[in-house]
2 protein chains.
Amino acid sequence: MTSPDLQEAPAEQHAVELSEELITEIAEALDQGQIERAVGLVSPLHAADQADLLEQLPSDQRVALLSGLRLTFDPEILTHLAETVRAEILDLLGPKNAGEAIAQLETDDAIEVLQDLDPGEQMALLATLPMPERAAVEQGLAYPEDSAGRLMQRELVAIPEFWTVGQTIDFLRAKPDLPDDFYDLFIVNPRFEPVGSIPLSKVLRSKRGVSLTELKLKELHLIPVDMDQEEVGFRFRQYGLVSAPVVDARGRLLGVITVDDVVHVIHEEAEEDILKLGGVPEPDIFAPPMRTSLHRAPWLLVNLGTATLAALVIAQFESTIQEIVILAALMPVVVSLGGNAGIQALTVTVRALAMKQITKANALRILGKELAVAGLNGIVLLLAAILLVLGWLGQLDLAVVFGAGVIMTILVASLVGVAVPIVLDRIGLDPAVASSVFVTTIADVFGFFAFLGLAAWYLL
Amino acid sequence: MTSPDLQEAPAEQHAVELSEELITEIAEALDQGQIERAVGLVSPLHAADQADLLEQLPSDQRVALLSGLRLTFDPEILTHLAETVRAEILDLLGPKNAGEAIAQLETDDAIEVLQDLDPGEQMALLATLPMPERAAVEQGLAYPEDSAGRLMQRELVAIPEFWTVGQTIDFLRAKPDLPDDFYDLFIVNPRFEPVGSIPLSKVLRSKRGVSLTELKLKELHLIPVDMDQEEVGFRFRQYGLVSAPVVDARGRLLGVITVDDVVHVIHEEAEEDILKLGGVPEPDIFAPPMRTSLHRAPWLLVNLGTATLAALVIAQFESTIQEIVILAALMPVVVSLGGNAGIQALTVTVRALAMKQITKANALRILGKELAVAGLNGIVLLLAAILLVLGWLGQLDLAVVFGAGVIMTILVASLVGVAVPIVLDRIGLDPAVASSVFVTTIADVFGFFAFLGLAAWYLL
């Protein structure tokens, strides 16, 4: 059916994407000192891909590539870099080039680049920005970290409510300093309060004479400028927004948040939960070992403390273990099962809280459900545990004590796994951050105590 | 400055959002049998909020509310429900009402609702759909689960490349069956292959006489119809896309994926990783206890098996423990620290793989860095561990054995934490799913063996 002589689309309209092969080729070129060849391969890439490439190259190749890119450096790259790599690249660019690059970014992107820097470096770079941009960035940086104010761009399209479609289109055609991309028009009243929004697709499909108020406006989800970005992400996801107006305390339009920024927020917030649950306080894959160690060691030291608590419990039962040494082999099994059941309950609860699926209305029911699950799984594992010890050691009374220890520990750890994050959330703390250490500590301390205590009472 | 007599925006243009207070009020109304009052409170809510509410209500209130909503049931609610609750709601609606609701959804949403159902129920509901919709949905369901084909909507706006802005606007104004919302126009050649895209904002800002080819088209990121949704999410996030064309194997335009669907995918994929790392195979907060238990118990049984391996190692050292019983109290500390260090390395690696930050080019460097971190943290904990045992028990030789066990276990567990997910990823398996059980098992087995082995050799 296809005839090859029809006009062919020029190949360049399909974006080049970063691949393993391309990375290898670029790394080879850099190793052989062919900087121009490397730059030729890198330049067609999207800024996000160039950022990924810079992150992945070893330090010497990174420096070499950057020396080649200096003249054609795409400022957008800065917004896509991991924090530690970004700081290095800004250093390499030097304050003058770095300042020029940042000046070309939209406000929200410039803020993202500057906000993680040391105060000294931040000041130095701010000083290089031309005045209107500098004021806008400083205003943005005055909003709390991770707030809507930092995410929003001030470039926006606000239209008075009494205009027609035709007036609106003429205005858009004539006005030079509009944002690069926008998806909704915000309709404002004389007090500059947003009263509705119209998707561009609706404007395009309406006749010129139609007045904007005749078009059914989309209901507005106003974002207060101090709203936390996690909450902003939730609203975009929940209500399928592509852009949303940010307002000040008096309800006046300040800026707009667009979905491309929110995609990153949603990703970042889930990322943070994953890392915190894994005991990693910040994304650190590209950080130098010393910095990563400084971030992760405190968690391990806390863990040493909590594990010591458990060891103190075991030490109380020295004489019991002396008499029945096999208890020492079985007791880690008890706490391991309890810990894992608790972590399952914890993981589900932490995520449900993040998605606002747990409220006062159902918190008790969720707790009850998790306890029912713990009971069911406890019975399954009680039976498996008894069979295991019977098969291995042939001692029924030991098997029963083991099974009882297992089910009790699973129940207690699951209870803690649900209750701790809910309580932390209620009192305004982040449920992801310290919950897993709570759960495993309780599983350990309680598990050793229950199992060894039962053994001392029943077997001796 | 603001004068209160200026025209006020009608309050209804600000969307009502779900709050804890509103949930309580609705639950009270339902408990008191005031179904109409409850429906009046629920109806102004966005479909996603109505879905959240239905999820959170206990079963009897859910049934009561649904009986009230039946006549005005917003079909969009179905797309926002958790799988288990959705199945219940479809049952309550009955095949006729459920079929009518699904028929009103866009293709991609109808597919999302139908794809998780039992084959029998799916067939029954498909049979109620009117013919063109039914064929489109069946075609969608023929694509692999979690593929671009299931995510895309077939409703799209494709424009021939030789049109002008004016022709395009006239076409959009005249054509009745366009999608509800669209953000880019896709330009196709005579073979219906996409050759470029134009954001609507650019069309709106250009004069009628301008030809589309004169506008700088956005580079296209084509999505093959069989691409995995995780990959689709990555591209949207990486390249800041709001919509992207989906093409068949011959490169012809089949449909379009929009960012609102991708926001959910990005969220879902991160969610899946969190749950898998926590040993939970699927989101189950609203599932009945028996179903949740069936999903989580296998993981605990695997854990019983791996913990038994560790117990067998300990059992080899019965005589050592008999002589130095305090070893039994110290050994769980060794494996706990090793396990936690390993999980830190694992968490970072799994996420870096998901974000394509680890490639052949840097895998070895990342491994080296994690080992350096393990070495640094190992030294910190070695010192802390020695001080702890000295302070507690005052035995230098035991303290040294303990410290040595700690640093060795941290090194081995960290190595496993980085290497296992990278290897699983290379051979095409999901690195999140079984990695944590690997890491903790190795930490346990190696940790007990190293610590007790050293003790047997050095202290006896």
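Q: Which residues in H13(B) meet H14(B)?
A: From H13(B) they are B:Gln229, B:Glu230, B:Val232, B:Gly233, B:Phe236 and B:Arg237. They meet B:Val259, B:Val262, B:Val265, B:Ile266 and B:Glu269 in H14(B). Two residues are in contact if their C-beta atoms, placed from the backbone, lie within 7 Å. Helices are DSSP runs (H or I, at least four residues), numbered from the N terminus.

Q: How were the numbers and letters assigned, and what kind of model is this?
A: Residues are numbered from 1 along each chain as its sequence is written, while chains are lettered from A and ligands numbered from 1 in the order in which they are written. This is a predicted model, in which local features need pLDDT of at least 70 and side-chain atom pairs count only at pLDDT 80 or more, while totals for chains, interfaces and linings use all residues.

Q: At what angle do H13 and H14 of chain B pack?
A: The angle between H13 (residues 229-239) and H14 (residues 259-277) of chain B is about 115 degrees, and their axes are 9 Å apart. Axes are lines fitted to C-alpha atoms, for helices over the stretch in contact, and angles run from 0 to 180 degrees between N-to-C directions.

Q: Is the crossing of H13(B) and H14(B) left-handed or right-handed?
A: Left-handed. That term applies if the near helix is turned anticlockwise from the far one by less than a right angle, and clockwise would be right-handed.

Q: Switching to chain A: how many residues of H13 are buried there?
A: In chain A, 8 of the 11 residues of H13 (residues 229-239) are buried, so the helix is largely enclosed by the rest of the structure. A residue is buried if 20 or more other C-beta atoms lie within 10 Å of its own, exposed if 12 or fewer, and partly exposed in between, with C-beta atoms placed from the backbone.

Q: Which ones are the buried residues of H13(A)?
A: A:Gln229, A:Val232, A:Gly233, A:Phe234, A:Arg235, A:Phe236, A:Arg237 and A:Gln238. Just after H13(A) comes A:Gly240, with a positive phi of about 60 degrees.

Q: What about the phi of A:Lys356?
A: A:Lys356 is not a glycine, yet its phi is positive, about 55 degrees. It sits in the loop between helix H17 (326-354) and helix H18 (360-393) of chain A. A:Lys356 counts as partly exposed, with 15 C-beta neighbours inside 10 Å.

Q: And B:Lys356, what is its phi?
A: B:Lys356 also has a positive phi of about 55 degrees. Its loop runs between helix H17 (326-354) and helix H18 (363-393) of chain B.

Q: How do the two chains touch: how many residues of chain A are in contact with chain B?
A: 120 residues of chain A are in contact with 119 residues of chain B. The chain A side has 67 nonpolar, 30 polar and 23 charged residues.

Q: By what turn can chain A be laid on chain B?
A: A turn of 180 degrees with a shift of 0.0 Å along the axis does it, with an RMSD of 0.1 Å. The two copies are therefore related as by a two-fold rotation axis. The same surface serves both copies, since 98% of the contact residues of chain A recur in chain B. The superposition is by least squares on the C-alpha atoms of residues with pLDDT of at least 70 in both copies.

Q: Which residues in the largest nonpolar core touch the most other members?
A: Of its 289 residues, they are A:Ile257, A:Leu337, A:Leu381, B:Ile257, B:Leu337 and B:Leu381. Such a core is a set of buried Ala, Val, Leu, Ile, Met, Phe, Trp, Tyr and Cys residues joined through C-beta atoms within 7 Å.

Q: What does A:Leu381 touch?
A: Not counting residues up to four places away in sequence, A:Leu381 touches A:Leu337, A:Val406, A:Ile407, A:Ile410, B:Leu300 and B:Leu304.

Q: Is B:Ala307 buried or exposed?
A: B:Ala307 is buried, with 25 other C-beta atoms within 10 Å. It belongs to helix H15 (residues 289-315) of chain B. Leaving aside neighbours within four places in sequence, B:Ala307 is in contact with A:Pro332, A:Val333, A:Ser336, A:Leu337 and B:Asp444.

Note on methods
Nonpolar A, V, L, I, M, F, W, Y, C, P; charged D, E, K, R; others polar. Helix = DSSP H or I, 4+ residues; strand = E, 2+ residues; numbered from the N terminus.
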